[in-house]
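Colleague: I am new to this structure, and I would like to go through it with you step by step. Could you show it to me before I begin with my questions?

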Number of protein chains: 2
Amino acid sequence: MEGTVNFSAGPSALPAPVVERIREDLPDWNGTGACVAELSHRGEPFMELAAGLEARLRRLMEIPETHRVLFLQGGAQMQFAAVPLNLAGEGGTASYVDTGAWSARAIAEARRFCRVQVAASSEGDGYRSIPPRGEWEVAPESAYLHYVANETIAGVEFGSVPDSGAAPLVSDMSSNLLSRPVDVGRFGVIYAGAQKNMGVSGLTVVLVREDLLDRAHPLTPTVVRYSAQAAAGSMANTPCTFAWYVASLVLEWIEGEGGLTAMAVRNERKASRLYRAIDASDFYSNRIPARCRSRMNVSFELADEALDPAFLEGAAEAGFIGLKGHRALGGMRASIYNAMPERGVERLVAFLEDFERRRG
Amino acid sequence: MEGTVNFSAGPSALPAPVVERIREDLPDWNGTGACVAELSHRGEPFMELAAGLEARLRRLMEIPETHRVLFLQGGAQMQFAAVPLNLAGEGGTASYVDTGAWSARAIAEARRFCRVQVAASSEGDGYRSIPPRGEWEVAPESAYLHYVANETIAGVEFGSVPDSGAAPLVSDMSSNLLSRPVDVGRFGVIYAGAQKNMGVSGLTVVLVREDLLDRAHPLTPTVVRYSAQAAAGSMANTPCTFAWYVASLVLEWIEGEGGLTAMAVRNERKASRLYRAIDASDFYSNRIPARCRSRMNVSFELADEALDPAFLEGAAEAGFIGLKGHRALGGMRASIYNAMPERGVERLVAFLEDFERRRG
């Protein structure tokens with residue numbers, strides 16, 4: 001049998017060469033005589049890593065000088081509070097597009113801190129689509145307009161960056177950052193937990209336009225305040241140094257593979273291959289319209305859900321991890337982030353076909 | 001030459017067998033076919049790790065049933081905000097003892113959220129002592145009384161748990177948690193970043209008495225709210241799974257070494273050995289009164305600070321990392337947490353004596 005294929009939605013698979021490198025770097029990272037996680041974040045070796053991490057992310061994403069790069073903790077969930085705290089001030093209004101469970105959580109959290117206008121929602125059709133931009137009602141006084149670029153549970157993804165008018169555009173890109181090029185200059189804030197495409201959990205990347213740094217509500221904790229973290233080089237608190245280190249290895253790997261354009265081509269090919277196999281069969285189905293389908297999280301259902309347990313058992317025997325759908329939705333889900341090799345998708349397609357032949 | 005000895009103040013050395021185990025577990029942890037950081041935090045293997053982590057911490061620290069155990073992110077610095085947000089409600093008062101730079105930062109942050117009474121301060125003598133309990137002025141209406149159990153910069157440590165009267169006692173134990181037994185039942189809240197005695201940065205342990213869970217200010221972000229994290233098993237946001245994993249290995253190691261009583265004996269012996277060497281010499285000095293000296297962070301100065309560079313150069317040649325004192329204080333500092341073997345202290349003492357012979 002070939003090795004394991006890890007389809008986990010997040011935390012998720014790392015590129016195999018990154019895991020190998022982590023192993024090689026133990027117990028003596030970079031000639032320091034210690035593991036990277038044993039060293040001071042303010043010592044020269046780690047400060048060098050930190051500078052390299054930011055430089056590489058700026059290069060890969062072509063982040064303009066107008067934007068600061070923050071490396072924080074707490075995940076997207078912390079940013080669900082941090083965004084309104086930092087941008088909406090006291091008594092402000094923000095607009096949110098509601099396209100899935102993560103949007104809904106972001107909205108619920110924002111309501112604790114500001115007035116929220118839901119500009120559009122696809123809740124009515126089970127979060128299986130994205131309302132067309134023309135139908136959105138953005139509050140004119142919005143401190144920002146927020147959307148989740150990729151919803152992991154049903155697997156819906158924005159195909160392009162929506163126009164936000166006068167309001168700064170804010171996006172949770174936790175599950176598709178680094179999966180394709182993005183025009184950072186169009187955003188006020190982009191944030192993402194690292195555990196899908198940038199390494200391990202414990203690191204949250206926040207790209208914030210400089211003119212938005214100083215709008216925080218007075219009750220924003222210091223480590224959550226963008227201006228404080230920008231001033232402190234993201235070290236207002238001790239960073240999760242191991243996650244920074246893994247991120248630097250992942251970015252190095254992405255660069256070596258050809259950068260975000262290469263990632264985009266590969267991701268498109270992997271997702272197409274899988275959707276094609278699903279669409280070609282009456283045994284499997286995916287009900288997301290083509291224009292909203294996620295390239296990162298491919299959900300599908302078996303025509304007869306009584307076969308789900310047998311499917312998952314067979315998948316485990318084939319060496320597949322994490323194919324069970326999110327508990328909120330059921331069914332199956334294959335998360336195929338940057339680190340998923342094309343061979344992994346090929347093996348899944350072969351398994352789908354084989355299982356259908358045997359049980360369909 | 002023998003290997004490296006890591007005296008970093010934090011992030012700091014891990015027990016050598018823990019580093020070895022991390023290496024062995026790559027790339028296939030526990031038969032899962034993946035690295036622990038690549039797996040879902042809600043999957044069975046990680047949930048088992050999480051349950052074991054809490055059970056082991058409860059056993060080691062003898063945490064009573066009255067207290068919840070939370071595993072969060074953001075470090076002590078995040079708790080500097082989280083404590084007043086969770087405990088002082090709106091318009092409350094809290095009392096703080098000010099015994100060093102970390103106390104001062106906790107106080108500055110708390111002032112953003114509540115009225116602060118500084119019950120006592122040793123700022124006047126450069127934070128080289130701890131004001132006697134009899135001199136503290138605790139505000140009678142205090143939502144809590146806060147102190148930092150060990151201040152890492154000058155190296156001062158409370159020898160025992162102070163009486164807090166009616167106010168719940170809250171302590172930042174980031175730098176001495178797990179270094180000796182502590183009567184958790186006497187505390188309202190104990191919190192600690194993991195990167196000294198419990199593993200790597202990215203994990204913050206919070207022990208909170210159940211009756212204090214529901215006092216949060218309405219503007220407390222969900223992931224910072226003790227009640228929300230308690231209800232969610234510390235998974236209101238995706239945890240830093242790698243840090244949880246390392247913590248579980250560290251706790252296993254502590255248990256194998258004989259638990260907190262054994263740690264206390266060893267830590268006492270290591271610190272005494274080092275302070276004895278410093279006190280025996282006119283070439284090195286430590287100006288902290290014996291009753292306040294830290295067992296974790298031993299600071300010392302050379303009589304002639306012009307020799308500091310030569311000392312640090314010699315220390316680096318001897319394989320020592322992290323002996324330079326904190327930038328706020330200068331001089332030298334040896335951090336000797338649980339993971340520091342007695343042999344490491346012996347080697348430092350031998351180096352101190354040798355350097356004095358050559359340059360004194």
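Colleague: In which sense, parallel or antiparallel, do strand S8 and strand S9 of chain A pair?

Modeller: Please keep in mind that this is a predicted model. Strand S8 of chain A covers residues 169–172 and strand S9 of chain A covers residues 189–193, and three bridges join them. One residue pair here is A:Asp172 with its bridge partner A:Tyr191 in S9(A). The sense in which S8 and S9 of chain A pair is parallel.

Colleague: Which strands stand at the edges of the open sheet of seven strands in chain A?

Modeller: The order of the strands in chain A is S2-S10-S9-S8-S5-S3-S4, with mixed pairing. An edge strand here has a single partner strand, so one side of it is left without a neighbour in the sheet. In chain A, that applies to strand S2 (67–72) and strand S4 (115–121).

Colleague: How many of the residues of H3(A) are buried?

Modeller: Helix H3 of chain A runs over residues 75–87, and it bends by about 30° at A:Ala81, with the proline A:Pro84 following within four residues. H3(A) is largely enclosed by the rest of the structure, because the count of its buried residues is 13 of the 13.

Colleague: Which element gives the largest share of the side of chain B that touches chain A?

Modeller: On this side, 52 residues of chain B are in contact with 52 residues of chain A. Helices H1, H3 and H6 of chain B each give two or more residues to it. The largest share, four residues, comes from H3(B).

Note on methods
Residues numbered from 1 in each chain as written. Chains lettered and ligands numbered in written order. Predicted model: local features only at pLDDT ≥ 70, side-chain atom pairs only at ≥ 80, totals over all residues. Expected span 1.5 Å × (residues − 1). Bend = angle between axes of the 7 residues up to and from the residue. Buried ≥ 20, exposed ≤ 12 C-beta atoms within 10 Å, placed from the backbone. Pairing = 2+ DSSP bridges. Contact = placed C-beta atoms within 7 Å.
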